[in-house]
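Open the model in your viewer and keep the selection panel at hand. The stops below say what to select and what is there.

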Amino acid sequence: MDSSGHQGAATRRAIRTRFAIPAIAASLALLLVPAPAARAADDKPSAADQTCLGCHGADGMEKTLADGDKLSLHVDGDTFAKSVHAPLGCTGCHTNIDLQSHPPASNDIKSAREFSLTAVNICRTCHSDKFDEWDTSVHAALVRDGNVRAPLCTGCHSPHAVIKGAAATIEQIPCQRCHQDIYKAYLGSVHAQARQNPATSYAPVCSGCHGAHAIKPVVTLGGPKAACLGCHADALEKHQAWLPNAALHFDIVSCPACHAPGAERQVDLMIYDKRSQAQVTEEGVPQFEPRPGATDTDESLDAMALWRLLTGLNNTDRTSNIVLHGRLEVRTGPEAHRLAAKTKALSNCATCHSHGSDAFENVTISVVGQDGRRIRQEASPGVLTSAISTRSVGGFYAIGATRVRLLDVLLILGFFGGLAFWVGHLTIRWLYKHYGLNRS
Amino acid sequence: MNVVYLHPLPVRIWHWINATCMILLILSALQIRYVGLIDVTSFKTAVLLHNWTGFVMIGNYFIWLLFYLNSDKIKAYHPEPPKKFFEGAFRQMQFYAYGIFVGDPNPFRVTPYNKFNPLQIVLYQIVVLLLLPIQFVTGILLWDVKHFSAQVDFFGGVRVVDSVHVLIFIFFVFFIQMHIYLATLGHTPLAHIKAMFTGYEEFEDHDAAKSSADTSFKGDTTRV
């Protein structure tokens, strides 16, 4: 853990350092921009910008980078002139361009990704608040982790075409570029439909629930429930009017588990440390960090393996602080976004509280990964009904559905044992009397 | 035929409320636990019925407790000295296992202060002083797991608490059959049951003759 932690910190420092110095330089340069003279007028590029557009306005202008990739250098002048950045002019951001030495003789850009990483500094010059938010996001965590697809500023915002309210409509949401399946699911949701109605056009797009820049994994945000309650503040009160133990349901059942009625559901058993009151990270959990003798991560855990896992974790410091917190949720991200109107939500208790309910056919064990997202390991559905799990899965129980099978056997024995006793005793009494063996 | 006033009114009220509650709790528990297999009422109705009946039973328990704490008839629950207990328990088991078949009289004779045979004393002490309180506590914890989460965690989690609750439920499924059957073993099948309504227990003359030598036999008996 220490090793990776140090690596992460080192990467973080490197990014900050790499971003910081150019950012300061860009800030100073911005002070020198002859703003009024260079600004666009009547949505037309300024005279200074026309100089740049003389080359960069040409369709198809691109540059071959050191790694062989092509980097588009084309900027549509009219679009840029209408953008919020037009008043800055080209040199407002591209402060390192010197016409005397431009274009450079040597190819100094290694890759498009490298260029984007450096370009973040330019944005940060003015949008440091947004950068700081982004820096706490799962996207930034992925960048630090070396994920080349994780979005930087330009991954969502086209810097030469940014206009106010660009992401205000469903069609313009930049998230769809990477999260296409979730986007399609959202389009069919009650939220997307509500936006078509002027009276409810305030219904959320992606950023309404996830935030625009400080996008966190749902586990860090306290689950999707926290996002839902942001608008539906009276949800608990409304549920308490008809749902027994509504507060408990709110803790154990994610909103989409009922409000996305067609979704496949699963029980996620999160490994939780009561002492630190936080979810356990993947390191130190053998099933999530394979090592000699540990269970293969491709195998689903059965009740005995789960018991060994919990016992092993607690034996490390001879406590019982490591427990499993169970939660019923939908199985995939897209399904979590296919939210239906509340009239279609699941409200029949028997849907979940009956034996064989499909809600309990899928079980995962999860820990928190380095980037804050959950890492899951499949477990056998039998872990929810095994007597062996009485302690290890002590934190999750759905009456009726996940009842312990051994207790069913004992109930049958108890009922028929009692029945056999009195029927047998009565029969023997009758036989003694019938054959004249009873003196009375 | 002799009669003895065995069951004071508070005890009878407690008993029949308790019996009704226990039947309702067992039936609603079966509906809750086996929804899908049993569909007499909805799950929600069964849960609400189970909860309310449970609270009635808890309140009713205090009728029994307060009565006996304020009555010298609590002696009925006092354990016998070990030697006397084991001898009496052995005789009672012998009666149920053989004597009753050949027509032997019940070796135990009731009085208002000694109305339970040795087996009953042990069993009722376990039921009333141990199992019912545990069932009440676990039931209350399960009634509002969120509110009592600290206590539920203390006992090992909701699954542990529920398992204890269900194990005692299974015992009562067994116990109530035995209780009803043994209640029919009076001098007539309905004698003990009738006594629990009227308060007066009837017993046959040969029992009275034997009991005349029993110094503990000092209840309000009447020959009829």
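Predicted model: local features only at pLDDT ≥ 70, side-chain atom pairs only at ≥ 80, totals over all residues.

Start by selecting A:Leu406, A:Val409, A:Leu410, A:Leu413 and B:Leu167, which form a nonpolar patch on the surface with about 430 Å² of accessible area together. Patches are made of residues with over 30% relative accessible area and no salt bridge, with like charges joined within 9 Å and nonpolar side chains (Val, Leu, Ile, Met, Phe, Trp, Tyr) within 5 Å; areas come from the Shrake-Rupley method with a 1.4 Å probe, and for residues only the protein chains shown count as cover.

Residues are numbered from 1 along each chain as its sequence is written, chains are lettered from A and ligands numbered from 1 in the order written, and side-chain values use heavy atoms, without hydrogens and water.

Now show both chains. Chain A and chain B bury about 3700 Å² between them, buried area being the accessible area (1.4 Å probe) that two parts lose on being put together, summed over both. Select A:Tyr397, A:Leu407 and A:Leu411, which supply 17% of the area that chain A buries against chain B.

Finish at B:Lys146 and A:Asp251, whose side chains meet in a salt bridge (2.5 Å, N to O); the term means a side-chain nitrogen of Lys or Arg within 4 Å of a carboxyl oxygen of Asp or Glu.
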